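The following exercises are intended for a reader who meets this structure for the first time.

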Amino acid sequence: MSQFTEICQSLFSGFGLNLALFAGTLIAAIPLGLIVTLGSMSGFKPLRWVTKTFVWIIRGTPLMLQIFVVLYAPGLLFGMPMRSRMTAVLAAFIINYAAYFSEIYRGGIESIPKGQYEAGQVLSMTKVQVFFKVILFQVIKRIVPPMGNEILTLIKDTSLARIVGVAEVIMCAERFTKEGLIGPLFSTGLFFLIFCGALTLLFNYIERKLDYYKN
Amino acid sequence: MPILEIKDIYKNFGKTEVLKGVSFSMEKGDILAVLGSSGSGKTTLLRCINFLETASKGQILVDGKSVFDANENRKISSKELRRKQLNFGLVFQSFNLFPQYTALQNVMLAPTLLAKERDDYKENKTQIIKEIETDAIELLSRVGLSEKLSNYPCELSGGQQQRVSIARALALNPKVLFFDEPTSALDPELTGEILKVIKDLAKKHITMVIVTHEIDFARNVADKIVFMADGKIIESGSPEEVIDNPKNERTQLFLNKFNKE
Ligand SMILES: Nc1ncnc2c1ncn2[C@@H]1O[C@H](COP(=O)(O)OP(=O)(O)OP(=O)(O)O)[C@@H](O)[C@H]1O
Ligand SMILES: [Mg+2]
C-alpha cells in the first residue's frame with residue numbers, strides 16, 4: 001500500500017469519528033436542549049434554579065474539562081468506570097451542547113411578543129394549540145441562524161476528542177507528524193473546511209426557505 | 001335582558017389600584033365608546049373582560065349568565081374558560097396578526113381548530129373546512145380585502161393588517177366585539193379606513209365596545225359614551241350628553257384639550 005492511500009484511509013476513518021460524534025451529539029442534544037429549556041422556564045422555582053445552575057456550570061467551564069470529568073468521575077465516584085472513551089466523549093458533548101442549545105431555544109421563545117399568545121388566547125385556542133400553531137414556527141425561524149453558528153462550532157469541537165485518545169482526524173494525522181510528515185496534519189483542515197462549507201450552504205438554504213415572511 | 005353586564009370591577013397590580021369599581025351594561029346591538037385619558041384603565045378593563053387579566057372584585061354576565069365572578073373560588077377548567085372566551089372578540093391596538101400565515105389563514109386558523117372539537121368533524125371534514133374558508137373570504141371582502149387573501153401580514157399596510165385582525169375576530173362570531181384603540185398605531189391617513197369598517201359593522205348591529213381617542217368618530221357611531229378617569233367611569237350617557245354637554249370637570253378638561261388640537 002502506498003503511503004498516500006495509507007494517509008487517506010487513516011484520515012478518512014478519523015474524520016468518520018468526528019462525524020459520528022457530530023451526528024450523535026445533534027440527535028441527542030437538540031431534543032435534550034428543549035427539556036432543559038422547559039426546566040429553565042418552569043414556573044416551579046426549585047426546578048428553574050437547578051436547571052439554571054446546571055446551564056451556568058456547563059457554559060462556564062471548558063468542554064475539555066467536562067470530557068475529563070465524564071470520563072473519570074463515574075469510576076472515581078461510583079466505582080463504575082466508563083467502558084468506552086468514545087461514549088464518554090459523546091456524553092460530554094451531548095450535555096455541553098444541550099446546555100448551549102437550551103439557551104438559544106429560550107432566547108427564541110422569549111423573543112416572541114406576548115401579544116401572539118394573547119391573540120391566540122382571545123381566539124379561544126388552547127395553550128397547546130397556541131404553542132404548536134402560532135409560536136413554534138416563529139421560534140424556529142428565529143433560532144435557525146444561532147443554531148447554525150453553534151452547529152459549525154460543534155464539528156470543529158469534535159477534534160477535542162483526541163485529548164482522551166479517541167482517534168479522530170487530527171490525532172490520526174499527528175501519527176504521521178511523528179514520522180516527519182507535516183502535510184497530513186495541515187490537510188485535516190480541508191475536511192473541516194469542506195464540511196463547514198456544506199453546512200453553511202444548508203443553513204443558508206433553510207434561512208431562505210423560512211424567509212417568506214418578515215416579522 | 002342586557003347582552004353584557006359589567007358589575008363593579010376592581011383590578012390592582014400589586015399595590016396600584018387600576019380599576020376601582022367599573023360597571024356598565026349593554027343591550028344587543030349597542031355600541032359603546034370608552035373615552036378617557038392615558039392611564040385611566042381602559043385597556044385594563046378590556047383585558048379583564050377578555051380574560052387576559054383576572055379582576056380582583058366584580059362580576060361579568062353575558063345574557064344574564066355569569067361568565068366571571070371574583071367571589072367564586074371554584075377553579076374553572078381551561079375548556080370552560082375557552083367556551084366563555086367565545087362570547088367575546090378583541091381587536092388589539094397592535095393587531096397581533098400571526099406573521100407566518102396569510103390573511104386568509106389568519107382568519108381561518110381559530111375556526112378550523114375549533115371545528116376539530118365538533119362531533120361530526122371526521123365525517124364532514126372537507127365540507128366543514130370549505131364552509132370556514134367561504135366564511136373567511138366573505139369576511140375579508142367585507143373589510144375590503146378580497147384582493148389580499150394570500151398576502152402575509154408583512155406585505156400589508158397597517159390599516160390592512162388591522163382590517164385582517166377585525167375579520168379574524170369576527171370569524172368566531174363573538175357576541176360582543178371589543179376594540180382597544182384600533183387606529184392609534186396607524187398613520188393618520190389610514191385611520192379612516194378602519195373607522196369605515198367599524199361603521200359598517202355598526203350598521204349590521206354588531207354589539208361593540210370601542211376604546212378610542214377619535215372623539216368625532218365616537219360621537220357619530222356610538223349609542224352610548226362612557227368617560228373614564230382614575231379607574232372609574234365618571235360620566236356616561238348619550239354622545240350629546242357626554243361629548244357636547246359634559247357635566248364633570250375632568251371630562252370637560254379632556255374634551256377641551258382635544259378641541260384645541
Ligand atoms: N401589567 C401591569 N402591571 C402594573 N401596572 C399596570 C399593568 N398594566 C397596566 N398598569 C397600570 O395601570 C394603569 C392603567 O393602564 P391602562 O393601560 O389600562 O390605561 P389606558 O387607559 O389603556 O391608557 P392608554 O390610553 O395610554 O392606553 C396605568 O397606570 C398602568 O401603568
Ligand atoms: Mg390603553
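Predicted model: local features only at pLDDT ≥ 70, side-chain atom pairs only at ≥ 80, totals over all residues.

**Exercise 1.** Determine how many helices and strands chain A contains, and what box its C-alpha atoms fill.

*Solution.* Step one is to count the elements: chain A has 8 helices and 0 strands. Step two is to read them along the sequence, which gives the pattern α-α-α-α-α-α-α-α. Step three is to take the extent along the principal axes, where the C-alpha atoms of chain A fill a box of roughly 70 × 45 × 20 Å.

**Exercise 2.** Describe how helices H2 and H4 of chain A pack, and state which residues make the contact.

*Solution.* First, locate the helices: H2(A) covers residues 45-60 and H4(A) covers residues 85-110. Their axes lie 9 Å apart and form an angle of about 120°. Next, assign the hand, which is left-handed for the crossing of H2(A) and H4(A). Then list the partners. H2(A) supplies A:Lys52, A:Phe54, A:Val55, A:Ile58 and A:Arg59, while H4(A) supplies A:Ile95, A:Asn96, A:Ala99, A:Tyr100, A:Ser102, A:Glu103 and A:Arg106. Finally, sort the residues of this contact by class: 6 are nonpolar, 2 polar and 4 charged.

**Exercise 3.** Carry out the analysis for helices H3 and H4 of chain B.

*Solution.* Begin with the geometry. The axes of H3(B), residues 103-115, and H4(B), residues 121-142, come within 9 Å and cross at roughly 145°. This crossing of H3(B) and H4(B) is right-handed. Continue with the residues: among those of H3(B) in the contact are B:Leu104, B:Val107 and B:Met108, and the H4(B) side includes B:Ile128, B:Ile129 and B:Ile132. Close with the composition, in which the contact of H3(B) with H4(B) has 14 nonpolar residues, 1 polar and 1 charged.

**Exercise 4.** Identify the residues that surround ligand 1, and find which helix gives the most to this shell.

*Solution.* Start with the shell itself, formed by B:Phe13, B:Val18, B:Ser37, B:Ser38, B:Gly39, B:Ser40, B:Gly41, B:Lys42, B:Thr43, B:Thr44, B:Glu181 and B:His213. By class, the shell around ligand 1 holds 2 nonpolar, 8 polar and 2 charged residues. Helix H1 of chain B, residues 42-49, gives the most, with 3 residues. Now examine the atom pairs. An oxygen atom of ligand 1 lies 2.7 Å from a side-chain N or O atom of B:Lys42. A distance of 3.0 Å separates an oxygen atom of ligand 1 from a polar backbone atom of B:Gly41. For an N or O atom in the side chain of B:Glu181, the distance to an oxygen atom of ligand 1 is 3.2 Å.

Methods
Residues numbered from 1 in each chain as written. Chains lettered and ligands numbered in written order. Heavy atoms only, no water. Near = heavy atom within 4 Å. Polar contact = N/O pair within 3.5 Å; in protein donor to acceptor, adjacent residues only side chain to side chain. Helix = DSSP H or I, 4+ residues; strand = E, 2+ residues; numbered from the N terminus. Nonpolar A, V, L, I, M, F, W, Y, C, P; charged D, E, K, R; others polar. Axes fitted to C-alpha atoms, helices over the stretch in contact; angles between N-to-C directions. Left-handed = near helix turned anticlockwise from the far one by under 90°. Contact = heavy atoms within 4.5 Å.
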